[in-house]
Amino acid sequence: MFASRENRMTIAAAAACLGGILLFVGLAAAALLAQSGEGGANGLFDDYIWRVTRFTLLQASLSTVLSILFSIPVSRALARQASFPGRIWMLRLMALPLGLPALVAALGLIEVWGRQGLLNKGLAALGLQQPISIYGLFGILVAHVFFNMPLAARLMLAGLERIPPEYWRSSANLGMGSLAIFRFVEWPAIRGLLPGIAGLVFMLCATSFTLVLTLGGGPAASTIEVAIYQALRFDFDPPRAIALSSLQVVLTGTLLLALKYLAPPPEEGATSGRATRRFDGLSSVSRLVDGAWLVLALLFVGLPFAAIAVSGMQADLARLVGEPAVHRALASSIAIALPSAIISVAMAALMIRTQRLLLARRRRGMPDRLFAGAIGASTSFILLAPPVVLGAGWFLLLRPFGDVARFAPFVVIAINALMALPFVHRVLAPAMATHAARTGRLAASLGVGGFHRLRWIDWPGLRKPLLMAFSFALALSLGDLGAVALFGSQDLATLPWLLYSRMGSYRTADAAGLALLLGLICLVLTMLGTAGEKAEGRRA
Amino acid sequence: MSSVALSLKDVKVRFETNALTFDCAVPAGQIVAVIGPSGSGKSTLFNVIAGFETPEAGKVEVLGEDMAGRMPADRPVSVIFQENNLFAHLDVATNVGLGISPSLSLAPSDRERIEEALARVGLAGFGKRLPPRLSGGERQRVALARTLVRHRPLLLLDEPFAALDPGMRAEMRALLSDLHAEEGNTILLITHHPDDVRRLADSVLFLDQGRIVAHDALDRFLARRDLDAVNRFLGNEEIR
């Protein structure tokens with residue numbers, strides 16, 4: 001291969017990135033471990049911690065089961081009714097929760113399910129005395145199903161659409177009824193996807209922070225992530241935070257390993273494209289059943305969005321937009337999101353390119369392979385260290401150097417950049433692989449390198465995926481409350497933090513307006529960030 | 001029993017860019033080769049007969065019965081495609097069993113029928129195997145076994161041998177010909193191979209640009225030189 005100076009520089013830079021990541025995570029872990037030595041770990045696993053662990057696992061299991069049970073009939077209805085008007089909008093709606101900041105979603109869910117919400121008003125009109133409370137396990141489950149049922153349904157729909165078209169004709173020709181088709185055709189396809197989907201949903205629910213923080217409503221319904229936050233922020237009990245953090249790392253590590261070896265990652269594929277022609281689902285019974293599930297899903301997913309929009313519009317938006325506190329929050333949000341997105345995309349691009357350079361060498365030495373492997377692993381092992389754990393480590397590390405709030409922006413930028421890395425990697429890696437296959441040899445044979453290659457070959461070819469990844473990373477960072485919550489103060493009030501404190505001080509109209517603004521910004525960015533994915537996949 | 005197995009009268013199917021019209025009458029008990037260039041409408045013809053596609057106008061009759069408004073399963077028709085005829089996650093016997101009862105409520109006597117049908121296609125004892133472990137030819141034999149237990153008078157074969165090597169094709173042709181002699185059913189066979197036409201067909205339906213342009217007995221068809229598309233298909237240019 002062409003082991004030019006330029007390639008050596010790329011590899012060195014990627015090594016620096018990897019080293020930086022390891023150092024950042026390692027120092028946080030070391031800080032936690034060093035502190036736990038002082039405290040003595042014996043008395044730490046008290047009742048409280050076990051209760052929190054039990055609740056974490058309980059709510060994650062229930063959320064997973066409910067999300068999947070709901071998603072099966074919904075995905076089946078979407079697959080079976082392939083051409084009703086508005087199907088494409090239904091599919092788009094199902095993709096929407098992905099881009100919504102958890103805090104904004106929580107607000108929308110409270111508008112629908114809360115004490116003053118639509119549901120309770122309806123129930124009261126029916127004569128029910130006792131309103132349903134959204135706070136606690138119930139609210140957490142509703143919120144997790146709101147986020148994960150559409151995700152699971154989309155993954156299942158992709159699986160159902162991969163079934164060969166001949167199967168539908170054969171089953172129609174053989175006269176298989178709705179039940180027989182489910183048993184012999186659909187269920188086998190869904191069953192194969194279940195471990196992957198369930199694992200993913202369980203992982204997301206077990207590490208969920210913002211939703212549990214806002215909807216948990218008390219110590220009875222607290223997960224490990226939230227307990228870490230409370231241990232540091234309210235009780236200032238570092239040993240407990242450390243014990244909880246270790247527990248969290250062990251839990252997520254076990255989950256990640258189990259996922260890696262037990263369940264293949266679910267593929268999205270090209271959904272929403274040309275729907276396969278099916279011959280079942282035409283009978284009035286199945287139309288009625290499918291229609292009922294689709295309406296239910298539409299209401300369940302759509303109403304919170306509608307509620308955010310409606311109550312946001314009622315807020316005094318003009319005053320909010322003019323308010324200095326909002327300006328400051330927007331400024332600090334951007335000041336954090338921009339660098340973190342840039343860092344995330346730059347790191348991902350460098351590491352992907354280096355991985356390819358290393359693996360393209362004809363004679364790969366052991367170090368090369370190890371390095372490439374470490375780069376590949378780093379994007380997923382980031383998930384091992386939840387933001388709150390990283391934040392906790394750095395919180396303890398920086399404490400001796402004075403006011404933690406002074407360093408907070410840098411830590412939050414770094415944490416957000418790391419958290420976005422797996423997603424950015426997913427967007428960039430396939431695009432960069434195709435680009436390299438198309439242009440790599442040609443550029444090398446023409447001797448186009450360095451700045452000129454960037455300017456004339458890489459930027460035009462990769463501009464779209466790079467901007468997509470950037471916009472996605474930006475949305476993630478803008479909507480994030482986790483890292484900010486730990487350090488949040490007057491000096492570091494981002495938009496989600498401002499929203500959270502307005503919710504806490506019962507300034508609901510303000511909160512609704514802010515939620516609408518933040519939700520809109522993040523949704524637009526996410527749509528930009530994922531819009532090209534499908535088109536890209538179809539072209540390839 | 002009517003002597004006409006299949007009749008299409010002025011059947012029209014319209015797509016975004018083209019419109020197809022089918023007119024023909026196929027006598028019962030024949031093997032009819034359906035041939036023509038790609039995109040000439042062969043598969044659409046099958047979809048109309050099997051009920052996967054609803055024509056805008058015209059009349060489709062199988063054994064004298066009007067097919068209008070009848071679901072695919074209610075038609076006296078069995079279909080075999082080029083591939084994916086078997087549900088890959090169900091074993092061979094179950095796949096055949098679906099031909100007896102689409103909800104798989106099978107009596108012990110049905111199990112015997114399945115085993116018997118498998119024996120007739122040369123796959124005795126294959127019942128417990130899964131389709132991915134079979135060769136392409138074996139999978140098509142299982143699909144044939146399923147049509148045997150279904151006993152539908154009209155069998156549509158959409159390039160059933162296209163994915164097989166020449167030796168396997170010859171075997172499958174022989175099997176199909178034997179089964180046809182035993183069953184006395186009517187078979188329509190889409191193929192791209194002149195060999196299949198010469199060895200199997202009693203008559204030929206030739207399609208070009210969405211129309212049936214010729215429907216001849218085999219000898220007459222092979223002797224034809226007046227249609228360019230037919231000449232191209234049979235390679236007659238080189239002969240001349």
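## Parallel strands of chain B

In this predicted model, strand E3 of chain B, covering residues 31–35, is joined by 4 bridges to E8(B), and the two strands run parallel. Within this pairing, B:Ile31 stands opposite B:Ile187 of E8(B). E8(B) also pairs with E7(B), again in the parallel sense, over 5 bridges, and here B:Leu157 is the residue that stands opposite B:Leu189 in E8(B). E7(B), residues 154–158, is in turn joined to E6(B) by 4 bridges, and these two strands run parallel as well; B:Ser78 stands opposite B:Leu155 of E7(B).

Strand E8 of chain B, residues 186–190, is mostly covered, with 5 of its 5 residues buried.

## Helices of chain B

Helix H1 of chain B, which spans residues 42–50, has 8 of its 9 residues buried, and it is therefore largely enclosed by the rest of the structure. The buried residues of H1(B) are B:Lys42, B:Thr44, B:Leu45, B:Phe46, B:Asn47, B:Val48, B:Ile49 and B:Ala50. Just after H1(B), B:Gly51 takes a positive phi of about 95°.

Helix H4 of chain B, residues 136–150, packs with helix H5 of chain B, residues 166–183, at an angle of about 10° and with the two axes 11 Å apart. Because an angle under 35 degrees counts as roughly parallel, H4(B) is roughly parallel to H5(B). From H4(B), the residues B:Gly137, B:Gln140 and B:Leu144 meet B:Met168, B:Glu171, B:Met172 and B:Leu179 of H5(B). By class, the residues of this contact of H4(B) with H5(B) divide into 4 nonpolar, 2 polar and 1 charged.

## Domains of chain B

The domain assignment of chain B gives a domain 1 made up of residues 1–76 + 166–240, and a domain 2 that covers residues 82–151. Taken over C-alpha atoms, the centres of domain 1 of chain B and domain 2 of chain B are separated by 26 Å. The contact between them takes 5 residues from domain 1 of chain B and 4 residues from domain 2 of chain B. On the side of domain 1 of chain B that touches domain 2 of chain B, the classes are 4 nonpolar, no polar and 1 charged residues.

## Individual positions in chain B

Two residues other than glycine have a positive phi and can be described together. For B:Asn84 the phi value is near 55°, and this residue lies in the loop between E6 and helix H2 (92–97) of chain B; B:Asn84 is partly exposed, with 17 other C-beta atoms within 10 Å. For B:His151 the phi value is near 60°, and its place is in the loop between H4 and E7 of chain B; with 12 C-beta neighbours inside 10 Å, B:His151 counts as exposed.

B:Glu65 belongs to strand E5 of chain B, residues 65–66, and is exposed, with 12 other C-beta atoms within 10 Å. Although 58 residues separate B:Glu65 from B:Ser7 in sequence, the two are 9.6 Å apart in space, C-alpha to C-alpha. B:Met71 is found in the loop between E5 and E6 of chain B, where it counts as partly exposed, with 15 C-beta neighbours inside 10 Å. B:Met71 and B:Leu218 are 147 residues apart in sequence and 33 Å apart in space, C-alpha to C-alpha.

The secondary structure of chain A comes to 21 helices and 0 strands. Of the 540 residues in chain A, buried residues make up 45%. Among the contacts in chain A between residues at least 6 apart in sequence, 84% join residues at least 24 apart.

The contact between the chains takes 17 residues from chain B and 17 residues from chain A. On the side of chain B that touches chain A, the residues comprise 10 nonpolar, 6 polar and 1 charged.

Technical notes. Residues are numbered from 1 along each chain as its sequence is written. Chains are lettered from A and ligands numbered from 1 in the order in which they are written. This is a predicted model: local features need pLDDT of at least 70, side-chain atom pairs count only at pLDDT 80 or more; totals for chains, interfaces and linings use all residues. Domain bounds come from an automatic or database domain assignment. Two residues are in contact if their C-beta atoms, placed from the backbone, lie within 7 Å. Ala, Val, Leu, Ile, Met, Phe, Trp, Tyr, Cys and Pro count as nonpolar, Asp, Glu, Lys and Arg as charged, and the others, Gly among them, as polar. Two strands pair if DSSP finds at least two bridges between them. Axes are lines fitted to C-alpha atoms, for helices over the stretch in contact, and angles run from 0 to 180 degrees between N-to-C directions. Angles under 35 degrees count as roughly parallel, over 145 as roughly antiparallel, 65 to 115 as roughly perpendicular and the rest as oblique. A residue is buried if 20 or more other C-beta atoms lie within 10 Å of its own, exposed if 12 or fewer, and partly exposed in between; C-beta atoms are placed from the backbone.
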